[in-house]
Amino acid sequence: NPKNDYKTILLKATGTVEIAPDEASIIINASCTDRDINQAKACLIEITSGLNENLSEFGIQKEDILTTNVILNKQYVWSNNSEIFNGYSASTTTSVRVRDLKILDEVYTNLLSNDKLTVGSLTYGHSKMDSLNNIAYIRALENANRLADQILTQLPEKNKSFCRLV
């Protein structure tokens, strides 16, 4: 700034928090194909109802079972250079949160053994992610402050001020 003789150094710092996960999420896909659209839907309803019952037997609450995708469309196959109607495909994607990792192995094995389901990704997380992010942010600020102090020991200036950049 030509009017004021400000000297500026921009610092970028990070803060990390390492903690063991306390929950997991599993993506589960179910699908049915039938020449009768009503049969395809009924098949899918039967599979998802069974899945929900099975998960509740493990103590997983309804609010931890989320259907994120439902698709109903026509399915074709190629044969002799032409498209042939194969039937109606009904499918759904369900996300399940397992809050008790002690039952995860049993739940996951049970899901994998069900030939009507396709088990997708298994991801781990933590139930207090917002609080952990806040701690990491505070650690980043502390690291930036320490780095600024170290830089100031090498410069004739002794004043510092902070401006948070987003």
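1. Rings of Phe, Tyr and Trp (for Trp, its six-membered ring) are taken as a pair if their centres lie within 6.5 Å; planes under 30 degrees apart count as stacked, over 60 as edge-to-face, and the rest as tilted. By this rule, the structure holds two aromatic pairs. The rings of Tyr76 and Phe85 are edge-to-face, because their centres are 5.8 Å apart and their planes stand at 70 degrees. Phe85 also pairs with Tyr88, again edge-to-face, at 5.2 Å centre to centre and 70 degrees between the planes.

2. This is a predicted model, in which local features need pLDDT of at least 70 and side-chain atom pairs count only at pLDDT 80 or more, while totals for chains, interfaces and linings use all residues. Residues are numbered from 1 along each chain as its sequence is written, and side-chain values use heavy atoms, with hydrogens and water left out.

3. Ring pairs link Tyr76, Phe85 and Tyr88 into a cluster. On exposure, buried means under 20% relative accessible area, exposed over 50%, and partly exposed in between (1.4 Å probe, protein chains only). Tyr76 is partly exposed because its relative accessibility is 39%. Phe85, with a relative accessible area of 24%, is partly exposed, and Tyr88 counts as partly exposed at 22%.

4. The protein chain has three helices and four strands (DSSP runs numbered from the N terminus: helices H or I of at least four residues, strands E of at least two). From the N terminus on, the order of elements is β-α-β-β-α-β-α.

5. Ile9, Leu11, Leu147 and Leu155 make a nonpolar surface patch of about 300 Å². Patch residues have over 30% relative accessible area and no salt bridge; like charges are joined within 9 Å, and nonpolar side chains (Val, Leu, Ile, Met, Phe, Trp, Tyr) within 5 Å. A salt bridge is a side-chain nitrogen of Lys or Arg within 4 Å of a carboxyl oxygen of Asp or Glu. Leu155 lies in the segment after helix H3 (129–152) and is partly exposed, at 34% relative accessibility.

6. The radius of gyration of the protein chain is 27 Å, whereas a compact globule of 166 residues would have one near 15 Å (C-alpha atoms; the rule is 2.2 Å times the number of residues to the power 0.38). The C-alpha trace spans about 80 × 45 × 25 Å along its principal axes. Buried residues make up 24% of the 166 residues.

7. Of the contacts (heavy atoms within 4.5 Å) with a separation of 6 or more, 73% are between residues 24 or more positions apart.

Notes
Accessible areas come from the Shrake-Rupley method with a 1.4 Å probe; for residues, only the protein chains shown count as cover.
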